Structures are given as structure tokens and as C-alpha cells.
Amino acid sequence: MESTNYENIKTPKGMVWVPSKSFLMGAKDGDNYAMNREKPAHRVIVDGFFIDETEVTNKEFEKFVNATKYITVAERSIDWEEMKKTLPPGTPKPHDSILQPGSLVFNKNVNLVANMGNYAQWWTWKIGANWKHPQGPESSIENKGNYPVVHIAYEDAVAYCKWANRRLPTEAEWESAAQGSSTNSIFTWGNDFEQLNSNANTWQGQFPIKNEAKDGFGFISPIKSFPPNSIGIYDMLGNVWEITSDFFNVTYYNEIGTSEIISNPKGAEKPFNPNNPYEKEHIIKGGSFLCHASYCASFRISARMGSSFDSASDHKGFRTVATPEMLSDSNE
């Protein structure tokens with residue numbers, strides 16, 4: 001453990017100290033990809049905290065599962081009575097052969113896309129897909145201990161945090177960490193879009209038909225495959241989306257006042273997404289290996305998207321944070 005200057009609290013192994021600072025949260029000037037839900041930008045101040053230098057890995061998550069016998073959402077039997085609460089009224093029940101444990105997997109064999117608005121064309125519900133079998137029951141994570149764990153739902157991430165004496169970052173904490181020593185950058189390395197391929201694992205080529213893998217990776221990559229940001233944090237943009245504790249509410253930024261600095265914001269009180277009104281969504285940040293300028297362009301610090309609390313996929317993981325108070329309480 002390395003020493004910090006914060007009241008003799010030591011930095012836990014594998015974590016980085018993010019100093020308290022004020023910064024501009026939300027869409028930045030000059031960001032041509034910024035969406036309405038990232039506006040208006042507003043000044044916030046966030047207290048210092050520790051954050052994992054990488055996403056939680058398969059090796060780390062396996063240690064948690066072995067210790068607790070935890071079963072992830074993607075591995076559990078599906079309860080139709082619970083599921084239909086998140087669907088439009090009158091949605092017919094699928095056949096029992098379909099209502100089996102599984103998760104969403106990117107379809108690598110898409111040859112033609114008729115409508116880019118229909119993401120079902122490149123996503124497949126794969127029975128048997130979960131964190132141990134990322135591409136389905138025939139796949140495994142053997143020799144992939146240093147890859148980010150995926151197929152993680154919000155509930156799974158929270159359970160890991162409870163075991164590890166950590167918690168999920170707020171969106172504001174996540175952005176503070178991603179900014180590093182900066183306070184107003186579009187990307188974790190600055191504002192130069194041309195540096196994307198050398199700093200983040202994203203999609204190059206024609207999405208979702210052909211990935212030219214100019215960054216060296218066609219799909220998910222091991223942790224620390226790209227340079228860290230200015231304070232030593234890896235992969236905050238690209239590779240896998242990261243779950244935060246905030247509710248996803250597309251009108252939240254318009255509802256908060258921007259005339260004063262907001263201290264340690266924790267997000268909206270309730271979720272709101274008119275495109276997914278029956279789901280309770282949390283914000284995910286950072287984009288993934290599937291992000292491309294023609295599609296989601298979420299390889300930016302201010303980018304924010306919603307993810308249903310019970311959904312998982314092969315491009316969503318998480319990282320954790322800890323405060324000095326949390327560590328002091330545990331005598332760590």
C-alpha cells in the first residue's frame with residue numbers, strides 16, 4: 001500500500017487517490033458528439049476518494065464468488081412475474097424454452113443493417129452467457145483473469161462492493177476520476193479526437209459490420225492495454241461500460257440549477273427515460289469496445305447512457321470506489 005497525504009490513510013492496493021476538485025460536469029465546448037442529456041454543463045465540486053485503477057477483473061470477481069457463493073443475475077432462473085413488471089402492459093409471455101438464464105452478446109456475424117436505430121440487429125440473447133461464459137456456454141474465461149469481468153448487472157456490482165467494503169462511484173465521482181488532473185477535458189487524455197485509437201479500445205471501420213481493429217483489439221481487451229490518464233487510472237473510456245450508482249434521468253441536467261457550484265451530486269431522485277419507461281435504469285459511463293462515431297460516440301467523459309438494473313451484456317462491467325471514512329471504519 002502506498003502512502004497518501006490524506007490524514008495517514010494509505011492507498012489500498014490497486015486503487016488511485018482522486019483529489020478533491022471543482023470541474024465542469026457534462027458536455028464541453030467543442031464536443032461535436034455531445035447529446036442533449038449531457039447538457040447543460042454545470043460546475044460541481046467533489047470530495048477526494050479512492051478509485052480502482054482498472055475495471056474489476058475476472059480474477060477479482062472469481063475471488064468474490066468463491067468466497068460468497070454468489071450467483072449473478074445472468075445465471076439465475078427467470079421469474080416471468082417479475083420480468084413483466086418492466087415491460088409494456090399486455091406483453092405476451094415468451095415460450096419457456098426462451099425464458100432461460102442468459103445474457104446479451106454482441107453478434108459478430110452481422111452482414112447488413114437496415115436501420116441503425118434497431119440495435120436488436122447486432123445483439124443476441126444467448127442462453128448460458130454469463131461472467132464465466134462471456135460468449136455462451138461453449139466459451140470460458142480460462143487464461144483471461146486480467147480481462148474486465150462482464151455480464152454484470154447493477155445488483156451484481158453492488159453485491160461485490162458490499163463484500164469488498166467498496167461502493168459504486170457516483171456519476172460525478174466517475175467524471176472527476178476520468179478528468180484526472182484536468183477540469184474541462186472531452187477525453188481522458190485531453191481534447192484531441194485523433195488520439196482515440198492509441199488511448200482507448202473502441203470500434204474502427206464500419207459499425208457493426210466490420211471492425212478493422214486499428215487499435216490492436218477487435219473486441220474486449222485485457223486491462224492496462226492502453227495508457228492511463230494523468231493520475232494513473234486505466235480504461236475509463238472504451239473497452240467496457242462502467243456502472244455508476246446514479247439513476248439515469250434524461251431531464252436531470254435541465255432540472256438542476258447551474259448558477260452555483262453543486263457539491264458532491266448524487267444524481268436524480270428517480271430514473272426517467274421516455275424510450276424505456278418501464279425500466280429502472282442506472283447510468284453507465286465510458287463507452288465500450290463497440291463505440292464508434294457513427295453510432296454511440298460514447299468514448300467521451302460526459303457521455304451517459306442508461307442500463308436496466310437487471311440487464312447484463314458482454315460489454316458492461318464496473319469499477320469501485322472507497323472513501324477515507326470507509327477505510328477508517330474498517331480499520332483497513
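Colleague: What makes up 73% of the contacts in the protein chain with a separation of 6 or more?

Modeller: Residues 24 or more positions apart account for that 73%, where contact means heavy atoms within 4.5 Å. This is a predicted model, in which local features need pLDDT of at least 70 and side-chain atom pairs count only at pLDDT 80 or more, while totals for chains, interfaces and linings use all residues. Residues are numbered from 1 along each chain as its sequence is written, and side-chain values use heavy atoms, without hydrogens and water.

Colleague: Why is Asp-47 called partly exposed?

Modeller: Its relative accessible area is 45%. Buried means under 20% and exposed over 50%, with partly exposed in between (1.4 Å probe, protein chains only); Asp-47 is therefore partly exposed.

Colleague: Where is Asp-47 found, and which residues does Asp-47 touch?

Modeller: Asp-47 is in the loop between strand E5 (42-46) and strand E6 (49-52); strands are DSSP runs of E with at least two residues, numbered from the N terminus. Not counting residues up to four places away in sequence, Asp-47 touches Ser-20 and Asn-264.

Colleague: How do you know that strand E11 and strand E13 pair?

Modeller: Pairing requires at least two bridges found by DSSP. Strand E11 (residues 241-247) and strand E13 (residues 281-285) have three bridges, in the antiparallel sense, so they count as paired. Phe-247 has His-282 in E13 as its bridge partner.

Definitions and conventions:
Helix = DSSP H or I, 4+ residues; strand = E, 2+ residues; numbered from the N terminus.
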